[in-house]
Amino acid sequence: MARDDGSRPLIPAVAGLTTQVLTKIAPTYQAQIDGLKGDLSKSDIETMLSRIRSLSSVIGTTKVHGLDGPGYKSMAEAICVEIGKIVQVRLPTATSPYSELVGWVTGAPRTHAVEIFTTNYDLLFEEAFERARAPYFDGFAGAREAFFDPASVSGDQLSTRWTRLWKLHGSLGWKANEHGEVIRTGQADATHLVFPEHLKYDQTQKAPYAALLDRLRSFLATEDTLLVSIGFSFADAHITARVDEALAANPAASVFAFQFQTLDKETYATEIARRRPNFSVYARDKAVINGVAAAWSAPSELPTRDWGPIRKSYWAPPVDGQPSEFTLGAIDAFSRFFANSRSPQAFDLPATAGAPIPMIATSTPATA
């Protein structure tokens, strides 16, 4: 979907990715697509791929919707090839949200390393770090067929200069070797994507996924830690469950969930926020803070005159009668805000002390 300025995202969201992939494989697998959609409560590409992999490993020569086990294995490979084609993009030479985020991450000395957890398969974060000559660690070590090292993932031996980059749903170039172990090749094969929730227990333990999800849980187990999410729906049960468990066990941890849609559409995130006071949701029109949902409103006073221009970076003005909106649930606005946060001069400050100052948005109870 095009943005207001006519530009388009580098990579489509899951809904767009599902449409593009299924359209590509439909000439060969339309019967299976229709059958699986009828079987599943959700028909996004990740859910369908998990079911297809499950069928490929258990049905053998028995046919389901016209395909046997080897047939579903081929279908899974075809899906991964198409995903690889779509997400195998390069960063633009101009400034991008990824380069701005990397600039913020590497722009100051830190006593604790920044950790990035992402469900994206693309290599855009990796490319942004490499362009900035900023070191990062993704859990793999080696060159030709890099192997996953769970001991390094669970520990903190690396310098705080090294950003931790955890690909929770896999990544381009991950593939299984002849022993069934997931390795990183550096090639965009896209053959081992998406959390393998339907694979056998022992296979899951060999893969990186369990160790990476454990890292997410241990990260939130750290006292006074903060996890900021951007545009993540929390519909992935295997991720949401670990976040929920960690927040219940550690009330000193916090999650700020910046959501792209309006609050009524962010049902998964809102459900956690109503149950966990240390989980806050900031949607376009409303927020849930300390378990209380409320519309955004503006205070009568601002702390300083600089707050007006800063507010403009995350608060969209009313358009055609529509109310103002909180915009940090979009990666572009979020990255620009944090990139600018290290210097007030980066914001469009008023030229004179007498310039009008817009009001800053705060979340207040609906009855206030």
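This is a predicted model: local features need pLDDT of at least 70, side-chain atom pairs count only at pLDDT 80 or more; totals for chains, interfaces and linings use all residues.
Which residue stands opposite Arg-164 in β5? Phe-137 does.

Residues are numbered from 1 along each chain as its sequence is written, and side-chain values use heavy atoms, with hydrogens and water left out.

Strands here are DSSP runs of E, at least two residues; helices are runs of H or I, at least four; both are numbered from the N terminus. Two strands pair if DSSP finds at least two bridges between them. β2 and β5 (residues 163-167) pair over 2 bridges.

Contact means heavy atoms within 4.5 Å. Axes are lines fitted to C-alpha atoms, for helices over the stretch in contact, and angles run from 0 to 180 degrees between N-to-C directions.

Stay with α5 for a moment. Its Phe-125 pairs with Tyr-98 of helix α4 (residues 97-106), so the pair ties together parts that are 27 residues apart in sequence. The rings sit edge-to-face, 5.0 Å centre to centre, with 80° between the planes. Rings of Phe, Tyr and Trp (its six-membered ring) pair if their centres lie within 6.5 Å; planes under 30 degrees apart are stacked, over 60 edge-to-face, the rest tilted. The structure holds 22 aromatic pairs.

β6 pairs with β7 (residues 182-184) over 3 bridges. There, Lys-175 stands opposite Ile-183.

Last, two helices. How do α2 and α3 run relative to each other? Roughly antiparallel. The axes of α2 (residues 45-58) and α3 (residues 69-87) come within 7 Å and cross at roughly 150°. For the wording: under 35 degrees is roughly parallel, over 145 roughly antiparallel, 65 to 115 roughly perpendicular, and the rest oblique. The contact includes Leu-49 and Ile-52 of α2 and Tyr-72 and Ile-79 of α3. Its residues divide into 10 nonpolar, 2 polar and 2 charged. Nonpolar covers Ala, Val, Leu, Ile, Met, Phe, Trp, Tyr, Cys and Pro; charged covers Asp, Glu, Lys and Arg; the others, Gly among them, are polar.
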